[in-house]
Amino acid sequence: MSTFGLERIFTPKRVAVVGGSPRSPSIGALILKNLAKGGFSGEIAVVNSRYDQIGELKTYPNLKNLPFVPDLIVVTAPAPAIPEIIIQAGKLGVAGAVIISSGLGHGPGSIAEAAEQAARAHKLRIVGPNCLGIMFPGVGLNASFAARHPAPGSLALISQSGAIAAAMVDWGAEKSVGFSGIVSIGDQLDVDVADLLDYFALDDKTRAILLYLEAVTDARKFMSAARAAARLKPVVVVKSGRMAQGAKAAATHTGALAGSDAVYDAAFRRAGLLRVLDLRELFDCAELLGRHVRGPGGKNLTILTNGGGIGILAVDRLVELGGTAPPLDPVVSAKLNEVLPPTWSKANPIDIAGDADADRYLNALDVVLNDPSSDAVLVMNVETAVAPADRIAEAVAKRVKANRTTAGASSKPVLAAWVGTDQRVAQIFDQAEIPLFPTEDDAVRAFMHLVKHREATEALLATPPDVSSLFTPDVSVARKIVGDALRDGRSWLDPIEIAGLFKAYAIPMVPTLAAGSPDEAVAMAETFLAQNIAVAIKILSRDITHKSDVGGVVLGLTTKPDVRDAAASVMANAKRARPEARIEGVMVQPMIVRPGARELIVGLTDDPTFGPVIAFGRGGTAVEVINDKALALPPLDMNLARSLIGRTRVSRLLVAYRDVQAVPPDAVPLILVKLSQMAADLPEIHELDINPLLADQNGVLALDARVGISMPAAKFAGRTRFAVRPYPTEWERQLQLRDGRTVCVRPMRPDDEPAIVRLLQNVSPEDFRLRFFHSVKEFSHQFVGRLTQLDYARAMAFVALDSVSKEVIGVVRLHSDSRYETAEYAILLRSELKGKGLGWALMQLLIEYARAEGLKSLFGEVLNENTTMLAMCRELGFKVTSDPKDLHVLVVSFDLGGAVKEVSAQRVS
């Protein structure tokens with residue numbers, strides 16, 4: 001999360017090439033050539049002790065002899081010389097280095113480590129090593145050895161591969177698509193993907209971000225930056241190595257199902273990134289985003305074509321990918337009847353026949369552009385002898401541009417697919433900024449990329465329902481169960497412990513009784529048998545996780561002799577198959593007969609990169625073979641849980657069909673939310689699955705489960721092992737105010753949105769002006785959603801709740817800088833509660849939190865007329881200074897390394 005120094009690196013005024021060379025085609029020569037041809041208008045110098053001059057540039061033996069201090073150095077020198085180069089640059093005050101050179105090694109004792117330590121000591125940023133370089137066409141900077149020069153534009157590219165970056169430059173040149181910036185990050189010694197996502201997210205010249213990934217090393221940092229960027233602009237990612245999953249040896253079905261690429265897919269989805277599978281799709285997305293195509297309002301696509309066959313192929317692909325070709329409204333059909341010959345298709349796709357000319361295209365296009373049931377239009381053409389394809393393209397392009405000018409922001413996106421496109425047609429659509437695709441498949445996929453991006457953006461801002469009233473886990477009981485098992489030296493909970501754990505989290509489970517011998521098993525079974533309920537006998541062993549694999553399960557027992565024989569048999573089978581295993585006896589469970597129940601699997605596992613992962617899918621013994629599963633990163637709310645379920649085929653069976661009743665809509669999602677909470681509360685659980693989980697009209701019931709435990713690694717202790725930082729329950733407080741009132745204070749949650757709206761409605765216009773420096777009239781979902789949807793990894797807000805009404809009566813928040821050192825704070829109270837000590841209490845809590853997080857300072861901007869806030873800040877120990885940029889504003893700052901004044905919350909705020 002550090003953009004520190006990147007502005008000077010990416011928009012430098014002075015550049016030095018260390019290792020620049022006249023020898024062609026050396027990297028040093030290519031860098032100098034590209035700097036010169038890229039149009040960089042700043043100063044350029046070369047450091048190379050072997051030459052007095054290279055071309056028109058004078059060379060210098062080292063950085064200290066340069067006539068200026070460069071903002072950026074580009075290093076192509078041999079690896080052993082690089083640490084000393086970085087030291088020299090750091091002492092001079094150079095902002096950053098792009099290290100093109102390779103061979104620096106990795107880890108302790110390497111050249112890379114020495115270079116990194118030198119850079120860190122002088123706060124110098126490093127891009128690379130082992131990279132293609134950086135290109136920022138807007139300032140004429142091409143500090144790379146790419147073969148072509150990118151044009152200025154609005155797309156940013158972050159690539160872990162230099163070859164992919166070079167290919168994108170070539171593609172952009174061919175398609176007349178420009179870039180705001182291209183960064184090849186190489187080995188990511190310092191500047192990484194997350195830093196660049198943060199930078200381009202706030203770059204006003206960047207409209208969308210393209211990302212090529214091979215691996216993520218810091219999952220929490222990546223997820224935090226990715227989620228922040230995706231809230232502001234489209235982020236498209238392609239990741240290599242999809243098939244390089246390896247055969248993971250896992251003791252649970254959940255662990256076996258969670259392949260590495262599936263986890264990456266879940267991470268991208270959670271972050272709101274649009275994932276594509278290959279460069280072709282990445283190019284298609286760049287085609288759309290580079291043309292400033294507005295996202296569709298839905299997934300309804302109207303297809304206009306002169307070829308029926310290609311239209312049907314487009315619909316097939318559209319439906320396969322989740323889109324819709326809506327039937328034509330009768331009014332629309334009537335209008336088309338007026339302007340088209342009787343032979344047109346009378347349906348969507350709108351086939352206007354192979355003899356269609358430009359006029360026929362325009363007549364139909366005018367109708368569909370004004371069809372409110374259509375979210376976008378795909379215009380396709382297969383060239384015939386009747387009318388030249390370029391004439392039709394020119395007419396369509398002019399009409400779309402005219403409609404765009406007239407309709408403005410309300411104009412729907414239009415895509416084009418001209419089969420057998422030549423350069424003339426491509427130029428026509430390029431000039432009109434209409435994305436053009438060579439086939440119907442490419443065009444439909446591109447449309448669905450737009451749809452998926454809109455859905456991802458909406459999901460990021462969705463307000464989840466509050467589940468706190470639906471269940472309250474008994475965390476202390478659960479922790480004791482897990483702790484006792486760990487102290488016993490075990491890595492798996494036994495079935496009796498699992499039953500206790502599930503009871504603590506209100507997860508329904510079949511009754512499970514433990515018997516140490518066949519006779520005890522009969523005694524345990526008597527209650528069930530007396531009710532004509534058959535029983536199951538299962539081996540009870542802490543060393544055997546897959547019971548059926550050792551003959552350790554017998555079902556459907558209805559008599560005492562059968563129970564006795566079955567218990568003896570499974571114990572003997574287990575002893576024979578696993579002689580080293582500890583056999584404690586058997587479990588006795590009633591046979592659950594639930595006709596129509598669906599067999600599901602739910603569980604969690606630990607991924608080495610992203611930490612805990614929640615899995616859901618079709619259960620049963622053939623779960624890996626069926627492989628109907630989906631994954632998600634916790635923490636989950638009910639909306640995220642429903643989304644996870646909806647990505648599986650078995651989700652279609654949870655609704656009513658034929659004579660089978662529906663599963664209650666919240667039953668399965670709530671189980672997933674409970675597992676998510678369990679993963680947060682109990683970091684010792686590293687693997688868990690419930691298989692099968694029965695689901696029917698009566699709810700859900702766990703029939704069998706496995707829970708693997710271990711002491712978490714130090715770096716993953718507590719909640720920090722989550723890639724997405726969960727709700728921090730440890731910061732919930734009760735605070736007493738000056739008038740004796742007690743208020744509940746806790747971290748803000750997304751479901752607080754309605755309460756925050758009510759708070760804002762109870763703030764006077766004058767208090768609004770003092771807080772926001774201007775009046776606020778509308779509280780849209782987007783505005784309030786950005787306040788309530790916190791990324792706890794970089795921001796925090798505490799809400800104060802009235803003890804009686806439970807309404808939000810005050811909020812205090814902070815948002816850190818990119819280095820997580822300094823944070824800006826803000827505070828807002830209901831106007832009638834000012835002067836009650838609430839603001840004072842909230843500020844003290846915020847200072848306590850900031851210190852616990854390791855932040856170094858807090859600051860805020862206060863209007864000089866806001867005397868109440870300034871008085872409180874001075875009493876708390878804030879330093880107050882003038883803002884040189886605005887005479888009406890004062891800057892208040894607090895050194896978190898100092899002592900906070902211990903003044904009671906009862907003081908006037």
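Is Ala165 buried or exposed? With a relative accessibility of 0%, Ala165 counts as buried. Welcome to this structure, which is a predicted model.

**Around Ala165**
- Ala165 belongs to helix H5, which covers residues 162-175.
- Beyond its neighbours within four places in sequence, Ala165 makes contact with Leu132, Leu157, Ser159 and Ile182.
- Ala146 sits 19 residues from Ala165 along the chain, and the C-alpha atoms of the two are 8.4 Å apart.
- Because buried means under 20% relative accessible area, the 0% of Ala165 places this residue in the buried class.

**The nonpolar cores**
- The largest nonpolar core is made up of 62 residues.
- Ile134, Leu197, Phe222 and Phe610 are the residues with the most contacts inside that core.
- Setting aside residues up to four places away in sequence, Ile134 touches a list of partners including Ile9, Phe10, Leu72, Val98 and Val127.
- Further partners of Ile134 include Leu141, Asn142, Ala143, Ser144, Ile182 and Val183.
- Another core, of 59 residues, lies apart from the largest one, and Met748, Val757, Ala841 and Met843 are among its members.

**Cysteines**
- Zero disulfides turn up in a search of the whole structure.
- Cys285 is buried, at 2% relative accessible area.
- Cys744 has 23% relative accessibility and therefore counts as partly exposed.

Technical notes:
Residues numbered from 1 in each chain as written. Predicted model: local features only at pLDDT ≥ 70, side-chain atom pairs only at ≥ 80, totals over all residues. Heavy atoms only, no water. Disulfide = S-S within 2.5 Å. Buried < 20%, exposed > 50% of the residue type's maximum accessible area, 1.4 Å probe, protein only. Helix = DSSP H or I, 4+ residues; strand = E, 2+ residues; numbered from the N terminus. Contact = heavy atoms within 4.5 Å. Core = buried A, V, L, I, M, F, W, Y, C linked by side-chain atoms within 4.5 Å.
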